[in-house]
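Here are some friendly notes to read with the model open beside you. Take the points one at a time, and find each residue on screen as you go.

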There are 2 protein chains.
Amino acid sequence: MPDTDTDTPDRTGLPGATAYEPTERTVPTRARERASYDRETVHGILDAAYLCHLGFVRDGAPVVLPTLFGRIGDRLYVHGSTGSRPLRTAGATDPGLAVCLTVTHVDGLVLARSAFHHSINYRSVVVHGTARAVTDPQERRVALDAIVDQVVAGRSADSRPADAKELAATAVIRLDLDEVSAKIRTGGPNDDPEDLALPHWAGVVPVARTYGAPLPSEDLDPAVPVPEYLTALRDGAAPAAP
Amino acid sequence: MPDTDTDTPDRTGLPGATAYEPTERTVPTRARERASYDRETVHGILDAAYLCHLGFVRDGAPVVLPTLFGRIGDRLYVHGSTGSRPLRTAGATDPGLAVCLTVTHVDGLVLARSAFHHSINYRSVVVHGTARAVTDPQERRVALDAIVDQVVAGRSADSRPADAKELAATAVIRLDLDEVSAKIRTGGPNDDPEDLALPHWAGVVPVARTYGAPLPSEDLDPAVPVPEYLTALRDGAAPAAP
């Protein structure tokens, strides 16, 4: 992101059982102190999300599409129509489709006295790897449940599972968490000392994702109550944090 | 996204003065009724955002990074350190860097009786094109202001402009809005008729981005008031809508 401050605490995990191994492309060229390879940190950022931006190369050019994902352990799953481009490509090509899957949360707007030091507080995860079509029927079912539960925990058990026809129409690809890093910016602006006396307001505007009251379908039997996992979603919405 | 409903109103604009020309890669392979090329629609989705996901190809593999952007007319600007990979590449290569820039807003979680018809209400814009380094000093200044104002409208005029040293350390790339499309899903779940009597709750959980009370820097003179454009940001936070 835009500024060049370097006073964020060092979150870099050492390679080992609890961290992913850094590689040439997961070590940032700048603001390295914001990078983390800690497995728990990476999983936490992924699990706070359900939407990712999936990048792949088509006819030599990059394509970035928003899509839902689910995580099971060190595997990410993405699904879509069997006719969609990336899923078709991943299934049709050997050895799979080179992808970059990125998840970003915005936590705050960082306003500095100087235009240059404006920034965003954020948490992001970038995964590099090869997506492969999931063909095993059992793994496909588990993956589809994971994608639904990533959006609303507990929902897959409270919905009609996909039938054979639906399963046949759905492509699922898998991306192993192997070459992956998190990047986190927290804290206030980092103005230069000579700018501190300028008359401009400086600080952080917290940003959060919030959930409204569930709106039932018009055709829903009014006797069906709002399930607890939706109430929890609303109550548990992450409070705005700097 | 995951479901296959097709009852969303047709928003497809016809090519012409008020719309972008569809191309092979901006016409989706499925859910075409969700696509729009209408200029006003595209600009509206972009202007409701400040964060994009920028994709490019590095050593043959896709890379997707979150970054801030600004829009001026039919041009998007992205900035960063002169040392960052995509900006360095865009500046060093002729004829520029092939990119895909994507913006996505999540508006609601769509819960259907069937796992298969779960979805997300969203608005997204995908821009394909070639990013080129901005070398003209005046265009660079205007672009940097636009990026700050994209985050908080009116802020660039209330901060110290970049000085020569800061300008020299900042790379700016430009991407023309030419090959671009929007995609929008709205409305409730689209369950199959035979699923309507199932006992599962169905409907939409609204999702919104909200802003908290501005938190001043510890070193901010308490006499500096919270500017109106920040109060407006909080009051004007888009209400959760289905």
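**Notes on the two chains**

1. Strand β10 (residues 215-216) of chain A pairs with strand β9 (residues 203-211) of chain B in the antiparallel sense, over two bridges. Here strands (E, at least two residues) and helices (H or I, at least four residues) are DSSP runs, numbered from the N terminus, and two strands pair if DSSP finds at least two bridges between them. To see one bridge, look at A:Leu215, whose partner in β9(B) is B:Val204.

2. A word on what you are looking at. This is a predicted model, in which local features need pLDDT of at least 70 and side-chain atom pairs count only at pLDDT 80 or more, while totals for chains, interfaces and linings use all residues. Residues are numbered from 1 along each chain as its sequence is written, and chains are lettered from A and ligands numbered from 1 in the order in which they are written.

3. How many residues of chain A are in contact with chain B? There are 86, and they meet 86 residues of chain B; a contact means that the C-beta atoms of two residues, placed from the backbone, lie within 7 Å. Strand β9 (residues 203-211) of chain A gives the largest share of this side of chain A, with nine residues. By type, the side of chain A that touches chain B has 52 nonpolar, 24 polar and 10 charged residues. In this count Ala, Val, Leu, Ile, Met, Phe, Trp, Tyr, Cys and Pro are nonpolar, Asp, Glu, Lys and Arg are charged, and the others, Gly among them, are polar.

4. Now compare the copies. The same surface serves both copies, as 100% of the contact residues of chain A recur in chain B.

5. Chain A on its own has five helices and 10 strands. Of its 242 residues, 47% are buried. A residue is buried if 20 or more other C-beta atoms lie within 10 Å of its own, exposed if 12 or fewer, and partly exposed in between, with C-beta atoms placed from the backbone.

6. Among the buried residues of α3(A) are A:Leu144, A:Ile147 and A:Val148. Which parts do the buried residues of α3(A) pack against? They pack against β3 (61-72), β4 (75-81), α4 (164-169) and β7 (170-176) of chain A, together with β5 (97-111) of chain B. A:Asp145 also lies in this helix, and it counts as buried because it has 20 C-beta neighbours inside 10 Å.

7. Next, follow β4(A), where five of the seven residues are buried. Four bridges join it to β3(A), and the two run antiparallel; A:Phe69 has A:Val78 as its bridge partner in β4(A). The hairpin of β3(A) and β4(A) has two residues between the strands, and there A:Gly73 takes a positive phi near 60°. Seven bridges join β4(A) to β7(A), also antiparallel, with A:His79 partnered by A:Val172.

8. In chain B, 13 of the 15 residues of strand β6 (residues 119-133) are buried, so the strand is largely enclosed by the rest of the structure. It pairs with β5(B) in the antiparallel sense over 13 bridges, where B:Ala98 stands opposite B:Thr130. Seven bridges join β6(B) to strand β8 (residues 179-185) of chain B, again antiparallel.

9. Finally, look at A:Asp59, in the loop between β2 (51-58) and β3 of chain A. Is A:Asp59 buried or exposed? It counts as exposed because it has 7 C-beta neighbours inside 10 Å. Its phi is near 50°, a positive value in a residue other than glycine.
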